[in-house]
Amino acid sequence: QYKAVFEYYKGLIGLRKSHPAFRMPSTKMIQDNLKFIDTGDAGVIAYRIKNNANGDEWKSILVVLNGYISVKTIKVPAGKWTMVADGETVNQKGIKKVSGGDFDAAGTAAYVFYGN
């Protein structure tokens with residue numbers, strides 16, 4: 001009955017295992033490479049991991065978590081981003097391309113992008 005949810009979480013775990021940026025081993029490394037983005041909304045959390053953190057192949061990673069049940073618009077930093085998780089699917093080769101600017105995040109969803 002919950003196979004889709006199982007597969008999604010399996011994909012997120014695979015994403016974490018494949019990218020050392022999600023496993024930074026020290027407080028200093030986290031402080032140097034992880035920056036929260038002010039979304040202007042307490043129910044929407046966004047942060048950027050930069051500088052090929054912990055030797056990651058992705059230069060910059062953007063994570064957006066929408067805790068609301070409704071869609072919320074957030075500002076994606078300028079540049080070209082590849083979405084790899086969209087709340088339902090995880091595909092490390094990319095789901096779609098997104099440019100900086102406004103982005104509609106579905107309710108109770110997590111998004112992961114990589115890019116510049």
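I shall take the sheet, then the salt bridges, and then one aspartate.

The model is predicted, so that local features need pLDDT of at least 70 and side-chain atom pairs count only at pLDDT 80 or more, while totals for chains, interfaces and linings use all residues. Residues are numbered from 1 along each chain as its sequence is written, and side-chain values use heavy atoms, with hydrogens and water left out.

Let me begin with the sheet. Helices (H or I, at least four residues) and strands (E, at least two) are DSSP runs, numbered from the N terminus. Two strands are said to pair if DSSP finds at least two bridges between them. In what order do the six strands of the open sheet lie? The order is 1-2-3-6-4-5, and the pairing is antiparallel. Strand 1 and strand 5, the latter covering 96–105, are the edge strands, each pairing on one side only. On average, neighbouring strands of this sheet are turned by 25° against each other, direction ignored; here the axes are lines fitted to C-alpha atoms, for helices over the stretch in contact, and angles run from 0 to 180 degrees between N-to-C directions.

Strand 1, residues 34–37, is joined to strand 2 by four bridges in the antiparallel sense, and F36 stands opposite Y47 in strand 2. The hairpin of these two strands has six residues between the strands, and in it G40 takes a positive phi near 75°. Strand 3 and strand 6 (residues 109–115) run antiparallel and are joined by seven bridges, with S60 opposite G115 in strand 6.

I turn now to charge. Side chains of opposite charge can pair when their charged atoms come close. I call it a salt bridge when a side-chain nitrogen of Lys or Arg is within 4 Å of a carboxyl oxygen of Asp or Glu. By this rule, the count is four salt bridges, and I shall describe some of them. For accessibility, buried means under 20% relative accessible area, exposed over 50%, and partly exposed in between (1.4 Å probe, protein chains only).

K3 and E7 form a salt bridge at 3.2 Å, N to O. Because they are four residues apart in helix 1 (residues 3–18), about one helical turn separates them. K3 is exposed at 57%, whereas E7 is partly exposed at 33%.

D41 and K72 form another, at 3.8 Å, N to O. D41 lies in the loop between strand 1 and strand 2 and K72 in strand 4 (residues 72–85), so the pair ties together parts that are 31 residues apart in sequence.

K75 and D102 meet with their closest N and O atoms 2.7 Å apart. This pair links strand 4, which holds K75, to strand 5, which holds D102, 27 residues apart. K75 is exposed at 59% relative accessibility, and D102 is exposed at 54%.

Finally, the aspartate. D56 lies in the loop between strand 2 (44–49) and strand 3 (60–66). What does the side chain of D56 meet in a polar contact, a pair of N or O atoms within 3.5 Å? In such contacts within protein, one atom must be able to donate a hydrogen and the other to accept it, and residues adjacent in sequence count only if both atoms are side-chain atoms. The partner is the side chain of H19, at 2.9 Å. The D56 side chain also reaches the backbone nitrogen of A21 at 3.1 Å.
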